Amino acid sequence: MFDRKELKSKAREQINGNIWLYFGLSIVFGLILSASSFTAVAPLVLTGPLELGLTLFMLQVVRNGKGEFATGFKGFNQFLPAFTGSLLAAIFTLLWCLLLVIPGIIAAYRYSMLYYIIADNPELSGPAALKKSKEMMVGHKWELFVLHLSFIPWGLLCIVTFGLAGIYVVPYIDATVTNFYEQLKSDNQ
């Protein structure tokens, strides 16, 4: 069982001193994706490695207390697993969504640990990491869903501040989910 308050408390401490780096990475990645959007394929190809880079950054923050800007670009070192894993997760989630919305949401939670697994297991292929995420999330999808629901007031704050609060809220949520992964990983060993 996960203690949401503890996960969130840890995350608040861990993001201190790292918020602006995360924000900077997010801006740069957003610009890269925007600039690449002249074709439909480029953002599809870049999303996986960029997401992996943000995951590597946040793992560094959670594990070491300080992230480095350059870490955000290390997702390209594992380009193929990040790309194939991202593509397959999107396809499978879309296929489940075609049945109904709820199965699609369940599928998204099933594959939610993909980038963490690739980060910790660089030897895994994208499909193997997807399978491991599916196995890891058995019995834990609801817990992560409830954890996400606990951020609704923060989401409302972002709306009221026209997104400005997102500078703090997005890394806070990301660090909390990273702590969720860390606990899930230690429980599965």
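Q: How are helix 4 and helix 5 oriented relative to each other in this model?
A: This is a predicted model, and in it helix 4 and helix 5 pack at an angle of about 160°. That is over 145 degrees, so the two helices are roughly antiparallel to each other.

Q: Nice. How far apart are the axes of helix 4 and helix 5?
A: The axes of helix 4 and helix 5 are 6 Å apart, and the crossing is right-handed.

Q: Which residues make that contact?
A: Helix 4 brings Thr93, Trp96 and Cys97, while helix 5 brings Val101, Pro103, Gly104, Ala107, Ala108 and Arg110. Sorted by class, the contact of helix 4 with helix 5 has 6 nonpolar, 2 polar and 1 charged residues.

Q: Okay, now helix 3. What is the angle between helix 3 and helix 4?
A: Helix 3, residues 41–64, and helix 4, residues 79–99, pack at about 110°, with their axes 8 Å apart. Angles of 65 to 115 degrees count as roughly perpendicular, so that is how helix 3 and helix 4 sit to each other. Their crossing is right-handed.

Q: And who meets whom between helix 3 and helix 4?
A: On helix 3 you'll find Leu44, Val45, Thr47, Gly48, Pro49 and Leu52, and they meet Phe79, Ala82, Phe83, Ser86 and Leu87 of helix 4. The residues of this contact divide into 8 nonpolar, 3 polar and no charged.

Q: What about helix 4 and helix 7, at what angle do they cross?
A: Roughly 55°, with the axes of helix 4 and helix 7 (residues 126–136) coming within 7 Å. The two are therefore oblique to each other, and this crossing is right-handed. Pro81, Thr84, Gly85, Leu88, Ala89 and Phe92 in helix 4 meet Gly126, Pro127 and Leu130 in helix 7.

Q: Switching to pockets: what volume does the largest one have?
A: The largest pocket has a volume of about 540 Å³. Its lining counts 23 residues, and Glu51, Ser112, Tyr115, Tyr116 and Asp174 lie nearest the centre.

Q: Which helix gives the most to that lining?
A: Helix 3 does, with 5 residues. Helices that each supply at least two residues include helix 2 (19–35), helix 6 (114–120), helix 8 (141–149) and helix 10 (166–188). Helix 5 (101–110) is another one of that group.

Q: How many of the lining residues of the largest pocket are charged?
A: The lining has 2 charged residues, alongside 16 nonpolar and 5 polar.

Conventions: Residues numbered from 1 in each chain as written. Predicted model: local features only at pLDDT ≥ 70, side-chain atom pairs only at ≥ 80, totals over all residues. Heavy atoms only, no water. Axes fitted to C-alpha atoms, helices over the stretch in contact; angles between N-to-C directions. Helix = DSSP H or I, 4+ residues; strand = E, 2+ residues; numbered from the N terminus. Parallel < 35°, antiparallel > 145°, perpendicular 65-115°, else oblique. Left-handed = near helix turned anticlockwise from the far one by under 90°. Contact = heavy atoms within 4.5 Å. Nonpolar A, V, L, I, M, F, W, Y, C, P; charged D, E, K, R; others polar. 1 Å grid on protein atoms, 1.4 Å probe; cavity = no way out; pocket = protein on both sides within 12 Å on 5 of 7 lines; lining within 4 Å. Points joined across faces, edges and corners; volume = space filled by probe spheres on them.
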